[in-house]
Amino acid sequence: MASVYTVGDQEEWSSQTNYASWAERYNFSLGDVLVFKYVKGQHNVYEVTEDTFRSCDASSGVVAKYESGEDQVALNEVKRYWFICNIAGHCLGGMRFGIQVKDGNNFTNSTDGAPHPPIEQTPSVNSCTSERWKAIENFIPFGLLLFNYYF
């Protein structure tokens with residue numbers, strides 16, 4: 001039986017969601033449907049090739065474009081699907097993900113049966129910010145200790 005998935009769940013298709021983590025929670029099967037919900041004009045959805053996914057350059061490798069704000073993508077092939085937002089900076093900022101769609105009755109890795117490396121998500125630009133905060137958080141107690149000592 002086919003399932004319908006809202007991409008990003010409650011966060012929907014936005015720049016605030018970790019789509020790699022979202023996609024890992026589900027097993028997508030032939031006939032399932034992805035629903036991309038977003039404010040029309042603020043985002044879009046491009047189904048792309050793996051090279052375009054990795055580069056975030058949609059000047060080539062675009063399989064399909066969706067721009068309605070309530071896009072439904074039927075997963076009608078057993079294959080890897082790659083999706084990006086093509087609004088400037090959004091793909092590089094993390095609005096992209098890849099999934100493997102399997103036949104509900106036959107759990108092969110791909111249409112050709114050959115093994116493929118796992119889908120690696122490129123960290124979003126915002127991930128650097130969180131790493132910086134972790135470093136800063138480690139020094140805050142030391143700074144407070146010095147402040148209290150001198151004042």
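Cys 85 counts as buried, because its relative accessibility is 1% and buried means under 20% relative accessible area, exposed over 50% and partly exposed in between (1.4 Å probe, protein chains only). This is a predicted model, where local features need pLDDT of at least 70 and side-chain atom pairs count only at pLDDT 80 or more, while totals for chains, interfaces and linings use all residues. Residues are numbered from 1 along each chain as its sequence is written, and side-chain values use heavy atoms, with hydrogens and water left out. Helices (H or I, at least four residues) and strands (E, at least two) are DSSP runs, numbered from the N terminus.

**Cysteines**

- The structure has 1 disulfide, taking a disulfide as a pair of cysteine sulfur atoms within 2.5 Å.
- That link joins Cys 56 to Cys 91, with the sulfur atoms 2.0 Å apart.
- It's a left-handed one, at -70° about the S-S bond.
- Distant parts of the chain get linked here: Cys 56 sits in the loop between H2 and strand S5 (62–66), Cys 91 in the loop between S7 and S8, and the two are 35 residues apart.
- Both Cys 56 and Cys 91 are buried.
- Cys 85 is in no disulfide, and the nearest cysteine sulfur, that of Cys 91, is 8.2 Å away.

**Nonpolar cores**

- A nonpolar core here is a set of buried Ala, Val, Leu, Ile, Met, Phe, Trp, Tyr and Cys residues joined through side-chain atoms within 4.5 Å.
- The largest one holds 20 residues, and the members that touch the most others are Trp 13, Leu 34, Phe 36, Phe 83, Phe 97 and Ile 99.
- Helix H1 (19–24) and strands S3 (33–37), S7 (80–84) and S8 (96–102) are the elements giving two or more residues to this core.
- Apart from it lies another core of 8 residues, and Val 48, Phe 53, Cys 56 and Trp 82 are among them.

**Two residues and their contacts**

- Contact means heavy atoms within 4.5 Å.
- Ser 29 lies in strand S2 (residues 28–29) and counts as buried, at 19% relative accessibility.
- Leaving aside neighbours within four places in sequence, Ser 29 is in contact with Leu 75, Val 101, Lys 102 and Gly 104.

**Salt bridges**

- The count comes to 3 salt bridges, each being a side-chain nitrogen of Lys or Arg within 4 Å of a carboxyl oxygen of Asp or Glu.
- Arg 25 and Asp 9 pair up through their side chains at 2.7 Å, N to O.
- They're 16 residues apart, with Arg 25 in the loop between H1 and S2 and Asp 9 in the loop between strand S1 (4–6) and H1.
- Arg 25 is exposed, with a relative accessible area of 53%, while Asp 9 is partly exposed at 21%.
- Lys 79 and Glu 47 meet at 3.3 Å, N to O.
- Lys 79 is in the loop between strand S6 (70–74) and S7 and Glu 47 is in strand S4 (residues 45–48), so this pair ties together parts that are 32 residues apart in sequence.
- Glu 47 is buried, with a relative accessible area of 8%.
- Arg 54 and Glu 50 have their closest N and O atoms 2.9 Å apart.
- About one helical turn separates Arg 54 from Glu 50, because they are 4 residues apart in helix H2 (residues 50–55).
- Arg 54 is partly exposed, with a relative accessible area of 35%, and Glu 50 is partly exposed, with a relative accessible area of 35%.
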